[in-house]
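Here are my notes on the model you sent over. Have a look at the structure before going through the points.

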Amino acid sequence: MSCQLTQEFLHAYVDGELDLARSLEVEQHMQNCQVCASAYRNQTALRSAFKDSSLYYSAPEKLEKRIRSSLRREAKSEAGRRWFDWRWFPVGVMALILVLGLVIWRTAPSLRPSGDEFIAQEMVSNHVRSLQLESHRTDVISSDQHTVKPWFDGKLDFAPPVKDFSGQGFPLLGGRLEYLNNRAVAALIYQRQKHYINLYIWPAEESNATSEVATKRQGYNLLHWTNSGMTYWAISDLNGVELHEFARLVQEAQ
Amino acid sequence: MEGQNKLASFETAVLPHLDAAYNLARWLTRNDADAEDVVQEAYLRAFRFFGGFHGEDGRAWLLGIVRNTSYTWMQQNRSAQLNTPLDDEVHDVRSDDMNPEALLLQKADAQTLRHAVEELPLEFREVLVLRELDEMSYKQIAAVADLPLGTVMSRLARARKRLQQILTSHTQTEVLS
């Protein structure tokens, strides 16, 4: 190995970074070359000078405290950033709008009277008014269903089923034309002892039959149901049981 | 990793290398207060990048960040120092002759050696500090200083050569005066 090559490898040799084969070559060369041996001694002298002279700067104690507290602050603000991440902001807004919409959609119907409640209110007013004067009660006075039914013909765009239930204790008194729920409807009036029953009939908006729903308003019993494409509302000061019996008669007659 | 958990594992893995971090920053900036600022900043950066650290060599990883932070700091505060790029292709490694340097080196006291190292160009200083004070392998130095292995070796050689020259001139002046 030449002097030039030896001195090129000398630093790696001193630093213990030279492979074994080259290290042996360097050592061999130095045994016979005073120049390179001296360069080697220079390097080891320099290394030991470094070791002896404690040139190492140790961190001041206050620096560690400073760093620890700045790290704690950083960790805290990182946790804060994670909690409020701007990337998720639009998603959050969308979710909020959706939830709000859902809440409004679910609660709004209960904030205003539903269709049925509105009709029930109309029913009660109409029923009360029809009973105030005898002349209001009926437009056509007849207990004969074959007189009442044709009377409606031409006055309505539908043919309401009319049945007399005198045999069952609910005699038909007559019929009336009424305007309810934004349309012309048939009103049939029946009697049960001293009680009057108004039965309102109009074509149902939905064709599927629904079973009876009972409500009570201002002391009046109301029953309504849908059957054979017609909506029926029965209202009376009659007790609920007997009104139900009446409703069953009407339904069975169809 | 979340909050306290991350902080705890960071403190375990990286905080023990505080002395090494300060030593490097102190040698690069050559000033106590600057070194403290640089190290604090480097620790904050390290904490932010801790997700990318996979438990290899914590010291080398931290010192790489300290080195980069020091360079950024010096660019912002005293750009003049960085304007002397080194040419690693120049081979002034060859030691010319048999010389009396070995003798002079042994006489060199700590103070003289400290000043001599401080006089070295930044690029020489950092590899020498990492090698002689942190006793890092060439591979570790390459990682910290972001250099190819061969460049680490040649820079170290040139740094030592330059250091010897500085020491020689110092001690000779002392002897003569």
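The points below cover chain A and its interface with chain B.

1. Ground rules. This is a predicted model, where local features need pLDDT of at least 70 and side-chain atom pairs count only at pLDDT 80 or more, while totals for chains, interfaces and linings use all residues. Residues are numbered from 1 along each chain as its sequence is written, chains are lettered from A in the order in which they are written, and side-chain values use heavy atoms, with hydrogens and water left out.

2. The fold of chain A. Expect nine helices and seven strands (DSSP runs: H or I of at least four residues for helices, E of at least two for strands, numbered from the N terminus). Of the 254 residues in chain A, 40% are buried, i.e. under 20% relative accessible area with a 1.4 Å probe, protein chains only.

3. Who touches whom. On the chain A side 38 residues are in contact with 53 residues of chain B, contact being heavy atoms within 4.5 Å. F50(A), Y56(A) and Y57(A) supply 17% of the area that chain A buries against chain B, more than any other three residues (buried area: accessible area, 1.4 Å probe, lost by two parts on being put together, summed over both).

4. Charges across the gap. The rule finds nine salt bridges between chain A and chain B (side-chain nitrogen of Lys or Arg within 4 Å of a carboxyl oxygen of Asp or Glu). In one salt bridge, D15(A) meets R160(B) at 2.7 Å, N to O.

5. Which helices do the touching? α1 (3-14), α3 (34-52) and α4 (61-83) of chain A each supply at least two residues of the side that touches chain B. α4(A) gives the most, with 13 residues.

Terms used: Buried < 20%, exposed > 50% of the residue type's maximum accessible area, 1.4 Å probe, protein only.
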